[in-house]
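Trainee: I would like to learn how to read surfaces and interfaces. Please take me through an example.

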Amino acid sequence: MEYVNKYFFSLVIGTLLLLLIASGYFRFIVLNDYLVTYEVPCDSTMEACFIGCDDEACLDTYHYSMIERKAYAVRAQCGTSILDCSAANVCDVNEKSCHLTLCDPDIEVCVTDEFN
Amino acid sequence: MICHWFPEPTFLFYTPDLPGLLFYAHIPAMIIACFVGFYVFFNARYLLLNRLLFAIAMCFALWVFINLLAWTNIHSDVILFSWTFFGVLQALISVLSIYFIYVFTTQQDISLHIKSILSLLLLPVLLLASTNFNVGGFNLDSCDAFDYEGVLFLTYYSFLGLIAMIWIAVLLYNHWRQQTTKTRNQTLILGVGIELFLFSFFGMVYLGSMAAIADFYDSSQIEFYGLFGMTFFMVVIAVLIVRYKTFNVGAQAAEVLVIGLLILIASQYTYANSTPTTVFLTTLTLILSAIAGIFLLRSVYKEIEQRSEVQLLSDNLQRANKRLRSLDKMKSEFVSIASHQLRSPLTSIRGYASMLSEGAFGKLPQKAQEAINRIADSSTTMTSSIEDYLNVSRIEAGNMKYELSEFKLAEEALHIVDDKRSEAIKKGLLLLFKSKLVSSGVVQADLGKTRQILHNLINNALKYTPKGTITVLLREDIDTRIIYVDITDTGIGIKADELEQVFGKFQRAKNANAVNVTGTGLGLFVAHKMAKQMGGDITVTSGGDGLGSTFVLSLPMQT
């Protein structure tokens, strides 16, 4: 009983921690099983776009929408960087967990004039 | 995936765009936590308390490390893998802090029951840390996972910090109440240190995360300030080490303070916008502090050396004292055995001397009669001395028996005075008896021992008074219910500096030998001990050399 009491905490916590490290490593590093979200170019003549600023005074602007995809799907198409990878900007046909978020004029300021 | 808008850090962590406060808050806190943790651990790793403090410090240092990694790294998979452990490490810090305080207050390991409760509190965090309840996604544009952080999960492990604070406060308060004033400060200092650490760390980190989740990114930097709580806690630990030796770490803990101070000064370099002037001033301060630290450490080492020597002397003295006590006990046993062996033949000598003196074997010639009388006197003196030795042995061994009864002290004193009057007359002394008692004068004491004391005191007065008067006076104090017997003589007196010693073992006044050479120096020692054991006392006053003395026996009245 004394032996159990002495090592109980270390054993339980240590075992669970090792399992956690293994599962976390497997999920995030090996499988890349998580969502990534990033801005993608948006055509304001076709859809409602968010307005982004290129400088602090927000004199230069650009239009974007947000995309959310599984990291492993993006990685399969573009490698580790989505820069200059147009395939990252759209959802594949039948791709699960891919979601494009457009600007909602009821909530935020959007660029919508061009197509209305 | 990498955050393509952000540059890859140099030197693992360094990114010039990030605020200097990030590095200033993280790097010193991490180094100090590691330093104190390792220092305490390697100085007394056998102590559970030290191992727990080490675990807390390591969890904190790891948290700071992955937090710095999350702020500076641009690889989403690495950041998310690190992100998994924020909650786990914070929950572990909460639980380990409770465990630490339990061990601090009880000085022993906690029960399996409490360990189970603590494990149950940790279980949800450990099981859910790598699931979407904790974090499930990453924003490549802002290069963080705040958008995907589980608020419920975050709130749960932050709530564990609150539970730890309350639990620890209750434990320390209960411990504080049971302590003496001297040891309370230690508890108070530790309590303030750990509570402030938990409050600042958990509170600021929670607020920072919530601010980031709510898109107030500027406010999220509030978590940087929370890390200073650990530095404060480590300073508290250093104070406990230096002042109270809490972790059984040697006094060389001054090294911790000096190195901690140098780390804090050196951490000024982490300000990204340091100008040449500030770099110069920081370097100068660092060098001057290092020199002052070296002098401080040298003086501390010297003090430690002196303290060790004093400790060694004290240990040796204690050992010698123990040995002396043992020898004293052996001596008393020897005296007791020897005295018993001597008493039997002496009884025969006295008996036969008495029979010879009284003519039981025929009339003796004049010279033989004188010789027999001397034998009888000497054997009486020797019997008395042996009786003193035996009494001392009994007192020191705790074997002296007292049978308390009620009797009239005046009557006993009068009998002894009457017995001694002929001896006084022979010496040409006046032996007077006076009584100022109003009450019946009944005391509660051992009759035999009281007689022995009175006999001893009056005998002493007769021995050490060459001429004049000896007065035995009885008086009482009705309020305190004590009866006094004052034996006042006009004898050789006692010098003021010898008064305190007369009741010591084998102690005699220096002028005593001039009058009487046969005393053992044990009579007053025995009488004093006996009076004390019966709830009374014997005190002495004297005008000085040649001015007589007064011995006062006090005994409690009947109840």
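Mentor: Accessible areas come from the Shrake-Rupley method with a 1.4 Å probe, and for residues only the protein chains shown count as cover. For chain B the accessible surface is about 28,100 Å², and carbon and sulfur atoms hold 63% of it. This is a predicted model, where local features need pLDDT of at least 70, side-chain atom pairs count only at pLDDT 80 or more, and totals for chains, interfaces and linings use all residues. Residues are numbered from 1 along each chain as its sequence is written, chains are lettered from A and ligands numbered from 1 in the order in which they are written, and side-chain values use heavy atoms, with hydrogens and water left out.

Trainee: What area do chain A and chain B bury between them?

Mentor: The size of an interface is often given as the accessible area lost when the parts come together. Here the buried area (accessible area, 1.4 Å probe, that two parts lose on being put together, summed over both) is about 3,100 Å², with 70% on carbon and sulfur atoms. F9(A), L20(A) and F28(A) supply 22% of what chain A buries against chain B, more than any other three residues.

Trainee: How many residues of each chain are in contact?

Mentor: Contact means heavy atoms within 4.5 Å. By that rule, 34 residues of chain A touch 39 residues of chain B.

Trainee: Which residues form a salt bridge?

Mentor: A salt bridge is a side-chain nitrogen of Lys or Arg within 4 Å of a carboxyl oxygen of Asp or Glu. The rule finds one across this interface. R75(A) pairs with D77(B), their closest N and O atoms being 3.7 Å apart.
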